[in-house]
Amino acid sequence: MKIIVTGGAGFIGSHTVVELIERGHTPIIIDDYRNSKPFILSRIEEITNTTVKSYNIDCCSFDKLDKVFKEEQPDGIIHFAAYKAVGESVNQPLKYYNNNLNSLTNILSLMQKHKVDNIVFSSSCTVYGTAEKIPVTEKTPRKPAESPYGNTKQVGEDILTDFFNSEHDKNISILRYFNPIGAHPSGLIGELPIGTPNNLVPYITQTAAGIRKELTVFGDDYTTKDGTCIRDYIHVVDLATAHIYAIEKIAKQSKQLDIYNVGVGIGTTVLEVVQTFEEVNNQKLNYIIGNRRAGDVVEIYSDNTKIVEELNWKPKYSLKDALRDAWNWQKKMQND
Ligand code: WQD
């Protein structure tokens with residue numbers, strides 16, 4: 001299939017482009033590099049030994065996007081392009097609503113106009129908020145969003161559902177990501193945080209590399225086994241693969257709306273991540289225990305039964321693999 005991948009040079013997007021090529025598909029990247037770097041394209045080509053077509057376009061520019069749809073006539077879209085920093089979204093909500101929602105409505109309008117039937121949408125476990133029961137299934141009720149970023153994911157899901165109900169033939173797969181970490185095992189592509197990382201694993205790798213003085217563990221007085229928060233960390237290549245399975249499934253259907261949790265189904269504490277990183281990479285990490293971070297939920301991890309059963313998808317990589325690959329990527333980046 002020919003598949004437009006918006007945000008295809010980004011962290012999850014670039015890994016998905018690689019997996020698409022490896023499964024015999026033709027990805028077309030749309031990215032304006034505001035949160036990624038053009039060199040990622042040549043890295044994708046190096047890994048896959050192919051050339052990849054790309055357009056430098058903002059998904060909020062309807063007319064430019066229209067031209068790409070007209071030119072490419074894709075079979076489907078995987079839509080990653082969006083802002084994703086929770087804290088920033090609290091201070092600049094309009095930036096988030098404008099970008100994340102306009103790009104989505106543009107893409108859906110163009111799916112109507114050019115008769116493109118399939119879309120996979122990046123959602124997030126943040127839509128569950130503080131869930132009453134852990135692990136969360138896709139039926140666990142969504143809680144009011146805790147940030148404008150989270151709200152763009154909830155509203156994005158709602159827009160897709162309304163669009164689905166109003167159309168005769170559209171297929172939609174909503175993937176609710178847990179915590180993506182790691183990097184491609186080749187060490188050629190990975191996460192490129194701009195400025196100080198907000199997320200745990202890039203902060204750890206930058207601390208180990210000496211770029212940051214120490215990691216602050218945000219609170220050790222939660223009601224968990226070691227007092228630190230619990231998350232479901234998934235290797236980015238496993239997450240990428242889920243997109244391929246998701247679009248391959250819906251492309252065979254007519255009028256289908258799927259929602260899947262994409263996590264490994266294992267809850268891991270912050271201190272377990274730190275210890276595993278130290279162990280697997282033979283690195284001592286400087287860390288201190290600090291205050292709780294506002295907005296953090298104590299514990300969330302997935303019940304991934306639905307995606308395992310319906311898509312026959314299974315995570316291949318462990319937490320150790322992910323932390324080894326993340327460190328390998330960090331080291332390679334510095335040596336390049
Ligand atoms: C993980 C754990 C922190 C940094 C966010 C989004 C979510 C999703 C993934 C994105 C928490 C702790 C972190 C640090 C720490 N989507 N931590 N010190 O908050 O679970 O999820 O990213 O696109 O929607 O909300 O991820 O990596 O920030 O934090 O102790 O310096 O690590 O408190 O328990 P989070 P995270």
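1. **Basis.** The model is predicted: local features need pLDDT of at least 70, side-chain atom pairs count only at pLDDT 80 or more, and totals for chains, interfaces and linings use all residues. Residues are numbered from 1 along each chain as its sequence is written, and side-chain values use heavy atoms, with hydrogens and water left out.

2. **Strand S1.** S1 covers residues 2-6. Helices (H or I, at least four residues) and strands (E, at least two) are DSSP runs, numbered from the N terminus. Buried means under 20% relative accessible area, exposed over 50%, and partly exposed in between (1.4 Å probe, protein chains only). Because 4 of the 5 residues of S1 are buried, the strand is largely enclosed by the rest of the structure.

3. **Partners of S1.** Two strands pair if DSSP finds at least two bridges between them. S1 pairs with S2 (residues 26-30) in the parallel sense, over 5 bridges. Here Lys 2 stands opposite Thr 26. S1 also runs parallel to S4 (residues 76-79), joined by 4 bridges. On that side, Ile 3 has Gly 76 as its bridge partner.

4. **Crossover.** S1, helix H1 (residues 11-22) and S2 form a β-α-β unit, and it is right-handed. The term means that, with the strands pointing away from the viewer, the path from the first strand over the helix to the second runs clockwise.

5. **Cavity count.** A cavity is a set of points, on a 1 Å grid over the protein atoms alone, where a 1.4 Å probe fits but cannot get out; lining residues have an atom within 4 Å of a point. Grid points are joined across faces, edges and corners, and a volume is the space filled by probe spheres set on the points. The count is 2 cavities of 30 Å³ or more.

6. **Largest cavity.** Its volume is about 100 Å³. The lining includes Glu 191, Val 201, Thr 205, Trp 329 and Met 333. Helices H7 (200-208) and H11 (319-335) are the elements that give two or more residues to this lining. By class, the lining of the largest cavity has 6 nonpolar, 4 polar and 1 charged residues. Ala, Val, Leu, Ile, Met, Phe, Trp, Tyr, Cys and Pro count as nonpolar, Asp, Glu, Lys and Arg as charged, and the others, Gly among them, as polar.

7. **Second largest cavity.** This one holds about 60 Å³. Among its lining residues are His 79, Asn 100, Phe 121, Thr 152 and Lys 153. Helix H5 (93-114), strand S5 (118-124) and helix H6 (148-166) each supply at least two residues. The lining of the second largest cavity divides into 5 nonpolar, 4 polar and 1 charged.

8. **Aromatic pairs.** Rings of Phe, Tyr and Trp (its six-membered ring) pair if their centres lie within 6.5 Å; planes under 30 degrees apart count as stacked, over 60 as edge-to-face and the rest as tilted. There are 2 aromatic pairs. Tyr 83 and Tyr 96 make a tilted pair, 5.3 Å centre to centre, with 45 degrees between the planes. Tyr 83 sits in the loop between S4 and helix H4 (86-91), and Tyr 96 in H5, 13 residues apart. Tyr 83 is buried at 16% relative accessibility, and Tyr 96 is buried at 1%. Phe 277 and Trp 327 make an edge-to-face pair, 5.8 Å centre to centre, with 80 degrees between the planes. That pair links helix H9 (residues 270-281) to H11 across 50 residues. Phe 277 is buried at 0%, and Trp 327 at 7%.

9. Most residues other than glycine have a negative phi, and most peptide bonds are trans. The bond from Ile 134 to Pro 135 is cis, with omega near -5 degrees. Pro 135 is in the loop between S5 and H6. Tyr 33 has a positive phi of about 60 degrees. Tyr 33 lies in the loop between S2 and helix H2 (39-48) and is buried at 16% relative accessibility. Gln 73 has a positive phi near 45 degrees. Gln 73 is in the loop between helix H3 (62-72) and S4 and is partly exposed at 48%.

10. **Lys 252.** This residue is in the loop between helix H8 (236-251) and strand S11 (256-262). Lys 252 is exposed, with a relative accessible area of 72%. From Lys 252 to Ala 322 is 70 residues in sequence and 32 Å in space, C-alpha to C-alpha.

Conventions. 1 Å grid on protein atoms, 1.4 Å probe; cavity = no way out; pocket = protein on both sides within 12 Å on 5 of 7 lines; lining within 4 Å.
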